Structures are given as C-alpha cells and as structure tokens.
Amino acid sequence: MNNLSVAVSDPRQAPLATGWQGRKGERDHFALFGNPVGHSLSPVMHNAALEKFRYPGHYLAFQIENLSAAIQGVRGFGIRGVSVTMPFKEEVMSYLDEVESAAARIGAVNTIVNDRGHLTGYNTDWMGMVESLEEHLPIPGKVFLILGTGGAARAAIYGIKERGGQPLLTGRNQDKTKALASEWRIPFLKIEDIAQARADVLINTSPIGMAPEVGRSPLPKNIPGQFPWVMDMIYRPMETQLLKDAREAGSSVINGMGMFINQGAAQFKLWTGLEPPRPFLRKILKKRLNGEGE
C-alpha cells in the first residue's frame, strides 16, 4: 500500500474520480465484498439509487474467499466501486494504492473507489454512525460504551472522539480489547464487569444478533436496561434482541438502519458524484424488510 494518504478526513469532501461517467453505451459495475454477504441489503439500496438516477450501472454482492484475488479482479474487470464488509475491513488496506486520512487513522476501510486502476480506500462508517447518533442525542461530553473490537468498533471510537464524546471499550476477547484500547488511549473494562459500567450510551458493533442468527444478544437480558440509550449497528433485523431487551427495560434505542443508510449514501456519492435522498433509501429498505415480516 502507498504510504501516502489523501489529504482529506471527510469522504464527502474527497475529490471524485474522473473519466468514468458519461461513457456512451457502457455500464459501471459496483460490488460488495464480504463473508458472509447473504444477509446484506446493500444491493437493494445501491441498485435502487442507481435506478432512481438512471445511472448506467449495477451492484452485486460477492462472498469472498480470497481477498487478494478479489482485489485483482477489481482492477481486471474495471469494477468502479466496492463496499467492504466483515471480515475484510482491516485486511483490505494492504491491497490498496491509497487510503484517505480518516480510514488510515481508523485502521479500516469500508469503501473502495477505482479510478482507472488506482484504488483508494475510504471509511464512511464513522460518519454514518455519528450522523445517526446526532439525530437522537448530542455527542459532546457523553460516555459511550462500545462493545466489539473489529472495524466497526474502530470507526465508532474515531467518530465519537471526533465529535467530542468519551469512548469506553469492552469485548469478548480481553486481549484484543486491551490492545485496541491501548492503541486509542481509551479506558476499557472486562465484559464480565459490564454491570459496573457507567455510560450514557451502549453501542454494539459485534455481529451477534444479525440475521440469520436472530434472537441472540451479546449481553445478558438484565444488562442493556442500565444504559439510558442503546444503539445496535445491526440493521437486519431492525430490532435485535439487544434492542428488545433495552426497550422493555425502559431504555431509548437506536437501530442500525440510519447508520447503514448514511454510510451507503456517502459511498454512492464517492462513486458517482450523486447523493441519493436518505428518506428514499429508508422507504426502499423498510419496504423490503416489511415484506420479509421483520
């Protein structure tokens, strides 16, 4: 990977790649790389946005077994843009030509822009998360207990610090939790001590509770209710078991739909220069989820 980073910290202000739009008779291709990907609604969201703007392109999900070969395919097939999800957000950085400054600091990439073979990595997760939080409560001065140690946790730590909040970390793997907390110079606590935590907001960044394994929670039923606010980055189902437990105990809850839409809209703008209206994306996704009985 090139040691240089793009001199921007906000992907919304990043320079758009040139030479890709308006090619007569040609279509742009976009992709999701992850494992698994069967649960993802990214194809529904991005294809709806492409159709709305009558943009000549298509978005497909790929379950990746070999990330190196997949990135070679991005260049070889001229894939215009890629969404990166678990478990590749950190590993993918080593295969890119450039990484913007926020993604470099976070240590995770969820978006790739292919500008004629030059691959640049961005992170729109942190913006999607803080924008979703700010729709419900102010961030400055509040304490946020973050559950998890992956790329989403890194984005949460970065976003909360950027907005003046105080992150506190916990996780199932004590060694990883301690190492990540040390890297970011933030406090942590053992997950078995979570009942002693004093925080304004609990944020789950782990995949526990995500479809198809609905009905599971990363925490015992009596724990979520001790926090005034509980946010789950999972958007499918829209109400996870964690959020059900929190709501029943009287906590205010935030599901992952807002974050998912916000980060996806930022991705789409990086790829196309167009920004789809968030209410439109929410309507499309809720219609899909309601059709599944969720």
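In which loop is Pro-87 found? In this predicted model, in which residues are numbered from 1 along each chain as its sequence is written, local features need pLDDT of at least 70, side-chain atom pairs count only at pLDDT 80 or more, and totals for chains, interfaces and linings use all residues. Side-chain values use heavy atoms, with hydrogens and water left out. Pro-87 is found in the loop between strand 3 and strand 4 (98–99); helices (H or I, at least four residues) and strands (E, at least two) are DSSP runs, numbered from the N terminus. The peptide bond that joins Met-86 to Pro-87 is cis, with omega about 5 degrees. A cis peptide bond also runs from Asn-35 to Pro-36, with omega near 5 degrees, and Pro-36 lies in the loop between strand 1 (28–34) and helix 1 (42–52).

Confidence was examined through pLDDT, the predictor's confidence in each residue, from 0 to 100. The chain has a mean pLDDT of 91, and 90% of its residues reach 70 or more. Over residues 1–9 pLDDT stays under 50, and the model has 29 contacts for this segment beyond four places in sequence, a contact being heavy atoms within 4.5 Å. Residues 15–23 likewise stay under 50, with 19 contacts beyond four places in sequence. Where pLDDT is low, the predicted coordinates should not be read in detail.

The largest pocket holds about 1000 Å³ of space. On a 1 Å grid over the protein atoms alone, a pocket is an open set of points where a 1.4 Å probe fits, with protein on both sides within 12 Å along at least five of seven lines, and lining residues have an atom within 4 Å of a point. Grid points are joined across faces, edges and corners, and the volume is the space filled by probe spheres set on the points. The lining comprises 43 residues, of which Thr-85, Met-86, Lys-89, Ala-152 and Thr-205 are the closest to the pocket centre. Two or more lining residues come from each of strand 3 (81–84), helix 5 (151–162), helix 6 (174–184) and helix 8 (257–272). By residue class, the lining divides into 17 nonpolar, 18 polar and eight charged residues; Ala, Val, Leu, Ile, Met, Phe, Trp, Tyr, Cys and Pro count as nonpolar, Asp, Glu, Lys and Arg as charged, and the others, Gly among them, as polar.

Burial was assigned from relative accessible area (buried under 20%, exposed over 50%, partly exposed in between; 1.4 Å probe, protein chains only). Helix 4 (residues 125–134) is largely enclosed by the rest of the structure, because nine of its 10 residues are buried. Among these buried residues are Trp-126, Met-129 and Leu-133, which, together with Ile-203, touch the most other members of the largest nonpolar core, a set of 31 residues. A nonpolar core is a set of buried Ala, Val, Leu, Ile, Met, Phe, Trp, Tyr and Cys residues joined through side-chain atoms within 4.5 Å. At least two residues of this core are supplied by each of helix 3 (101–106), helix 4, strand 7 (143–147), helix 5, helix 6, strand 9 and helix 8, and helix 5 gives the most, with seven. Another core, of 24 residues, lies apart from it and includes Leu-32, Tyr-55, Tyr-59 and Ile-261. In soluble globular proteins, nonpolar side chains tend to be buried together. Residues up to four places away in sequence not being counted, Met-129 touches Ala-156, Gly-159, Ile-160, Ile-203, Met-231, Met-233 and Met-259.

Leu-147 lies in strand 7 and counts as buried, at 3% relative accessibility. Its C-alpha atom is separated by 4.9 Å from that of Asn-204, 57 residues apart along the chain. Beyond its neighbours within four places in sequence, Leu-147 is in contact with residues including Thr-170, Ile-191, Ile-203, Thr-205 and Pro-218.

Two loop residues other than glycine have a positive phi. Arg-116, in the loop between strand 5 (111–115) and strand 6 (118–122), has a phi of about 55 degrees and is exposed at 59% relative accessibility. For Arg-185, phi is near 55 degrees; this residue has its place in the loop between helix 6 and strand 9 (201–204) and is exposed, with a relative accessible area of 77%.

Pro-277, in the loop between helix 8 and helix 9 (278–291), is partly exposed at 32% relative accessibility. Neighbours within four places in sequence aside, Pro-277 is in contact with Lys-52 and Phe-53.
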